[in-house]
Amino acid sequence: MSEGLSRTWLGIGLGLWLAGAAGAPVARAEGAQTAVPTVIPAVMAGAMAKALDAARDSAFRQAVAEAAGSDRDLAEFYSETDYRPVWTGDDATHRARRAALLRALDDAALHGLPEGRYGRAALLARMADIRSTREMGEVEVALSRAYLAYARDVQSGVLVPGRVDSDIKRSVPRRAAGALLADMMQGDPRAVLRGLPPQTNAYRRLMKERLRLEGVIARGGWGPVVPGGKLEPGDAGAAVIALRDRLVAKGFLARSATARFDGRIQAAVQAFQADHGLETDGIAGPSTIAALNVSPEERLASVLVAMERERWLPAERGARHILVNLADFSARILDDDSVTFETRAVVGKNAGGRRSPEFSDEMEHMIVNPTWHVPRSITVKEYLPKMQANRNAAGHLRIYDSRGRVVPRSAVNFNAYSARSFPFRLKQPPSTRNALGLVKFMFPNKYNIYLHDTPQKHLFDREKRDFSHGCIRLQQPFDFAYMLLAPQEADPKGRFHAVLDTGRETRINLEQHVPVHLIYRTAITRAGGRTQYRDDVYGRDARIWQALERAGVSLRAHRS
């Protein structure tokens, strides 16, 4: 409460109390509504001031209790702290908290948050219009609600991942009101608020890219689109000029006046292709031109979605961790935030039930010369119909009964069973033709997802690599294994091949489990490099962006 307001309420309260005291002489100015005592003994005035302070404190406590009552966590916090104000005191500490919060709310859009969600303008209006202790208590709780909404959004995300897409298997914890408010009461308010967003280099780089794209939009974008078709070295004309100008505007080509597709334009096209996950052939074909023509607004939406996704990941990723980017068809090992290994990957097909999910777990071991235990869904949906048509189909698979005994095909009438009643299991023994290749990497999870080798090496040459049933196939699984074994083996390559050469299924445990994060990013930041972009192969980012827009997130340029 401001000093002026406190004195006003103190003066009125003393006057009204003394007016009711027995035998106290009271004078009234002509037409005045408030009695004013002609004599106020010093002792009595001091006692009455204390009584009034107590009354005001009681009114404040009551107002806070009522305003916070609908939120159990918030009510519990104020009860446990004896209803002490977090925001509405008039000392330097409370002023600093209010100022820091209001600045954070003003800058909410810089984090891709729905700034209208926190009611900053309404809070300012209410603060300017406080006329009673009750209103002070109500504003106190309103400020806490705004802080909690902002803190949880910027720290844990605006959306609930699984409600946007059921294949995003992430449960993002939201901190309790008491813990968040206790941080504000115990720490420097600016430091507390700065510490809420993800403290990762990736998030900081996304913030920088957001600012860059907003500048591009403010300047009118990247110029005319490139006409469709195909452009290659030696071509000339208006389409090549449009291509040249787009490459210049995007920073892939120095300013040039050429109207011919020369070597410099070819090199710029290749650099652009590399940054967008395209075949680096230096020819501007349909996929390259489509990527060139994506608007800065669409790229900004991808960045804001990536920032939201960054808030969904665990705060502790692991000093060493594995990052599988489904949208990038890649798997990487990172040590202290630096990529130390990278390989191409094949991910789940963009079809019902086959898309790879997103989640985090820990890699515990690898299995060399693995047996493929064919999942039930693949057994009855894919192989049973084939064996019903030809009992010798899928001859690379062995049939087992419920007791683990091999069953000869001649003993099975496949047409006597349906997908529901088929009682057998299918397995493929270890071999170079095994569907899992020669090694699989296990992070046991309820989704039955793992990383593995594959005999289908040709698929890694494709730009778009969604072909699996959900698991992740690696182009360089042996090198991946060597990297994982390096911390525990003097000769990781020798150890791996000694096991491989036996031909027997063998488990090798990792002495230190390695966190695995299956993510989906269409906007990819690299230390010291340009932000790269990928297609939204599963359409997940489009659904997330639609949900963010419904929540109030906007593409408009924001004050930085």
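This is a predicted model: local features need pLDDT of at least 70, side-chain atom pairs count only at pLDDT 80 or more; totals for chains, interfaces and linings use all residues.
## How confident is the model?

Let's begin with the confidence scores. The protein chain has a mean pLDDT of 90, and 89% of its residues reach 70 or more. Residues 1-40 call for some care, as pLDDT stays under 50 there. For that stretch, the model has 45 contacts beyond four places in sequence.

## Two helices side by side

Two packed helices are described by the angle between their axes and the distance between the axes. Here the pair is helix α10, residues 201-218, and helix α14, residues 296-312. Their axes lie 9 Å apart, and the helices pack at an angle of about 160°. Because angles over 145 degrees count as roughly antiparallel, α10 is roughly antiparallel to α14. The crossing in which α10 passes α14 is left-handed.

Which residues of α10 and α14 meet? On the α10 side they are A202, Y203, L206, M207, E209, R210, L213, E214, V216 and I217. Across from them, α14 brings P296, E297, R299, L300, V303, L304, A306, M307, E310 and R311. The residues of this contact of α10 with α14 divide into 13 nonpolar and seven charged, with no polar ones.

## A glycine beside the helix pair

Now look for G221, in the loop between α10 and α11 (238-249). Is G221 buried, partly exposed or exposed? With a relative accessible area of 25%, G221 is partly exposed.

G221 and S295 are 74 residues apart in sequence, while their C-alpha atoms are 7.4 Å apart in space. Leaving aside residues up to four places away in sequence, G221 touches V216 and P296.

Most residues other than glycine have a negative phi.

D336 has a positive phi, near 50°, and is a residue other than glycine. You can find D336 in the loop between β4 (330-335) and β5 (338-348). D336 counts as exposed because its relative accessibility is 64%, and the cut-off for exposed is over 50%.

N448 is a residue other than glycine too, and its phi is positive, near 55°. Its place is in the loop between β10 (439-442) and β11 (451-452). N448 has a relative accessible area of 44%, so N448 is partly exposed.

Technical notes: Residues are numbered from 1 along each chain as its sequence is written. Side-chain values use heavy atoms; hydrogens and water are left out. Axes are lines fitted to C-alpha atoms, for helices over the stretch in contact, and angles run from 0 to 180 degrees between N-to-C directions. Helices (H or I, at least four residues) and strands (E, at least two) are DSSP runs, numbered from the N terminus. Angles under 35 degrees count as roughly parallel, over 145 as roughly antiparallel, 65 to 115 as roughly perpendicular and the rest as oblique. A crossing is left-handed if the near helix is turned anticlockwise from the far one by less than a right angle, and right-handed if clockwise. Contact means heavy atoms within 4.5 Å. Ala, Val, Leu, Ile, Met, Phe, Trp, Tyr, Cys and Pro count as nonpolar, Asp, Glu, Lys and Arg as charged, and the others, Gly among them, as polar. Buried means under 20% relative accessible area, exposed over 50%, partly exposed in between (1.4 Å probe, protein chains only). pLDDT is the predictor's confidence in each residue, from 0 to 100.
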